[in-house]
Amino acid sequence: MNKSRHYVQLSDRGKGILMSLGGVFVLSPDSLLIRLAALDDFTLIFYRGLFPIFAISLALWLYYRNRFLPVLIAIGWAGIINGALFAAVNITFISAIQKTSVANTLLFLSSAPIFAAILSLLVLRENQRPTTWLIIALSLVSIFIIGWGSYGSASLLGDLFALGCALFTACSAVLVRYKKDIDLVPSVIIGSFFTACYALTRSPDLAISSVQLVYVGIIGFILVPCAFIVLTIAPRYANSAEVQLVYLLVSIIGPLWVWLVFKDTPSLNTIVGGSMLFISVAWFAHHTIREEAKLV
């Protein structure tokens with residue numbers, strides 16, 4: 001008797017959301033390793049820019065072999081722009097952390113899905129589903145609750161850096177989707193180079209201990225390359241705003257690693273807002289993947 005076998009086949013949208021979830025969990029220990037490394041900001045960002053150059057170049061060479069250089073050249077103007085956006089995201093994020101509170105930074109970074117949704121509508125003529133807008137709104141409320149009591153305590157310049165980081169992140173996601181016929185992963189190499197050069201001009205003293213090198217090596221050779229490769233590929237499949245929405249989970253899962261190791265007690269508003277954000281975005285991702293799946 002023949003037994004029929006059924007397989008679950010995901011649509012492009014489902015693949016994009018699932019890839020984004022994978023990127024979130026890979027990147028989530030980043031905050032913990034940054035704290036363990038205990039480096040000054042520009043030394044940290046230098047190595048976060050330097051190491052991915054080698055890691056991503058090796059990965060692309062192993063994948064493309066003799067086609068590596070043609071693929072690198074093929075990124076064209078879009079790749080150069082995306083590399084610059086990648087560097088801008090790194091630089092503005094570090095600047096925001098330096099000049100404003102973590103609460104303010106999180107609040108403004110949570111606007112990335114909104115920027116992506118607006119840009120997707122204007123550039124790609126892609127409107128968001130009502131469910132997506134609802135989860136974006138819930139995410140904003142959640143982030144606001146997390147930072148309750150901490151807003152307004154830092155500089156306007158830092159807030160502008162955080163807002164710029166959100167905008168650059170959204171622009172990169174929309175650009176990747178707009179040029180989805182081109183592999184823009186090599187543009188992360190260019191962006192990493194720009195980032196390292198910027199940090200080098202600001203902090204020529206790059207002393208680092210062997211223990212710190214291990215932590216930064218994990219970040220630069222594994223976490224950042226894997227996460228940003230996914231972030232560069234996922235918008236080719238799923239809507240840019242939805243990818244950015246899923247990546248908000250990093251702001252919740254990342255601090256959990258820190259809490260587990262350092263036993264930092266989160267405040268009540270952090271627990272309430274974080275739970276809201278995690279449940280709403282996790283439900284959205286699960287619902288989307290399940291809705292888009294088909295049995296074949």
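Modeller: Start at S111. Leaving out residues up to four places away in sequence, S111 touches L140, L163 and A166. Keep in mind that this is a predicted model. S111 sits in a loop, the one between α6 (102-109) and α7 (112-124). Is S111 buried or exposed? S111 has a relative accessible area of 12%. Buried means under 20%, so S111 counts as buried.

Now set that residue in its chain. The chain holds 14 helices and two strands. Of its 296 residues, 50% count as buried. Look at the contacts with a separation of 6 or more. In the chain, 90% of them join residues 24 or more positions apart.

T195 is another buried residue, this time inside a helix. T195 has its place in α10 (residues 187-202). Its relative accessible area is 1%, which makes T195 buried. What does T195 touch, not counting residues up to four places away in sequence? The list is I45, G49, F86, A87 and N90.

Now the cavity itself. Rolling a probe the size of a water molecule over the atoms shows where empty space is left. How many cavities of 30 Å³ or more does the count give? The count comes to one. The largest cavity holds about 140 Å³ of space. By class, the lining has seven nonpolar residues and five polar ones. No charged residue is part of it.

Follow α9 to Y178, which lies in that helix. Is Y178 buried, exposed or partly exposed? At a relative accessible area of 46%, Y178 is partly exposed. Exposed would need over 50%, so Y178 falls in the middle class. Y178 touches V123 and L124, again leaving out residues up to four places away in sequence. A78 and Y178 are 100 residues apart along the chain. Yet their C-alpha atoms are separated by 9.5 Å.

The largest share, four residues, comes from α3. Seven residues of this lining are nonpolar and one is charged. Here there are no polar residues.

A38 lies in the loop between α2 (30-37) and α3. R65 lies in the loop between α3 and α4 (68-73). A38 has a positive phi of about 55°, although A38 is not a glycine. R65 is not a glycine either, and its phi is near 55°, also a positive value. How accessible is A38? A38 has 58% relative accessibility, which makes it exposed. R65 has 45%, which makes it partly exposed.

Finish with helix α1 (residues 12-27). Its 16 residues should span 22 Å at 1.5 Å a residue. Its end C-alpha atoms are 22 Å apart, so the check agrees. Which residues of α1 are buried? They are R13, G14, G16, I17, S20, L21, G23, V24 and L27. An α-helix has 3.6 residues a turn, so residues three or four places apart point the same way. Read the buried list again with that spacing in mind: R13, I17 and S20 are among the buried residues, as are V24 and L27.

Notes. Residues numbered from 1 in each chain as written. Predicted model: local features only at pLDDT ≥ 70, side-chain atom pairs only at ≥ 80, totals over all residues. Heavy atoms only, no water. Nonpolar A, V, L, I, M, F, W, Y, C, P; charged D, E, K, R; others polar. Buried < 20%, exposed > 50% of the residue type's maximum accessible area, 1.4 Å probe, protein only. Contact = heavy atoms within 4.5 Å. 1 Å grid on protein atoms, 1.4 Å probe; cavity = no way out; pocket = protein on both sides within 12 Å on 5 of 7 lines; lining within 4 Å. Points joined across faces, edges and corners; volume = space filled by probe spheres on them. Expected span 1.5 Å × (residues − 1).
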